[in-house]
Amino acid sequence: MTTPCRLIIAMSGASGAILGIRLLEVLRATEIETHLILSSAARATIHAETKWNAEDVERLARVVHPIGNIGASIASGSFKTSGMVIVPCSVNTISSIAYGITDNLITRAADVCLKEARPVVAVVREAPLHVGHLRALTQFAEIGGVVFPPVPAFYAGLQSIDDMVTQVVGRVLDRLGIENDLVRRWEGLQAGHKQHRP
């Protein structure tokens, strides 16, 4: 019996809601079974930052779970998934996960993935970072999480925020081992390009 490829997508209230939306749009065209959780702050951020509403974002996913449903399928390690992406991920959310505070379905599902040695990719949107943030990020990484700030790839010749969003989503998919053609691949410095040295 073949286990379907399932991926948990969580959106917290950090800025950058379009990153989660674009990821869902891309995965909608695949066979991957997406399980979506939106925090209440994510719903507000979607409304504030984009032309989307939360209900339309939810329609991009195959399955939607209320954040308060800690009895959901994805709250158990026996429900097999390929991992989880939290995009965007607030410092509050990553700190809770880092220190085992599983008081909602986002943090519970992440904790389950980590204990089952499944990837949890956190697209953390915060800057600058103080020492408390850095300690939480370090703790998250030490327990197996992947800290993935949405850093633009300047070498890719990105022309717009939309290009940057697409590139970041492609790199997140790369980290999960999901094939995509969203990323301009680095092929080394081309002939005729000068290498600047400090």
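Reader: Is Arg171 buried, partly exposed or exposed?
Author: Arg171 is partly exposed, with a relative accessible area of 37%. Buried means under 20% relative accessible area and exposed over 50%, with partly exposed in between (1.4 Å probe, protein chains only). This is a predicted model, where local features need pLDDT of at least 70, side-chain atom pairs count only at pLDDT 80 or more, and totals for chains, interfaces and linings use all residues. Residues are numbered from 1 along each chain as its sequence is written, and side-chain values use heavy atoms, leaving out hydrogens and water.

Reader: Where is Arg171, and what does it touch?
Author: Arg171 lies in helix 7; helices (H or I, at least four residues) and strands (E, at least two) are DSSP runs, numbered from the N terminus. Beyond its neighbours within four places in sequence, Arg171 contacts Phe148 and Val183, contact being heavy atoms within 4.5 Å.

Reader: Which residues does UniProt list for "binding site"?
Author: The unreviewed UniProt entry lists Tyr155 and Arg171. They are spread over 17 residues of sequence but cluster in space, with a largest C-alpha distance of 13.9 Å. UniProt positions are given in the numbering used here, feature names are shortened, and annotations may be inferred rather than shown by experiment.

Reader: What does Tyr155 touch?
Author: Not counting residues up to four places away in sequence, Tyr155 touches Gln167, Arg184 and Trp186.

Reader: Other topic. Why is strand 1 largely enclosed?
Author: Six of the six residues of strand 1 (residues 6–11) are buried, so the rest of the structure largely encloses it.
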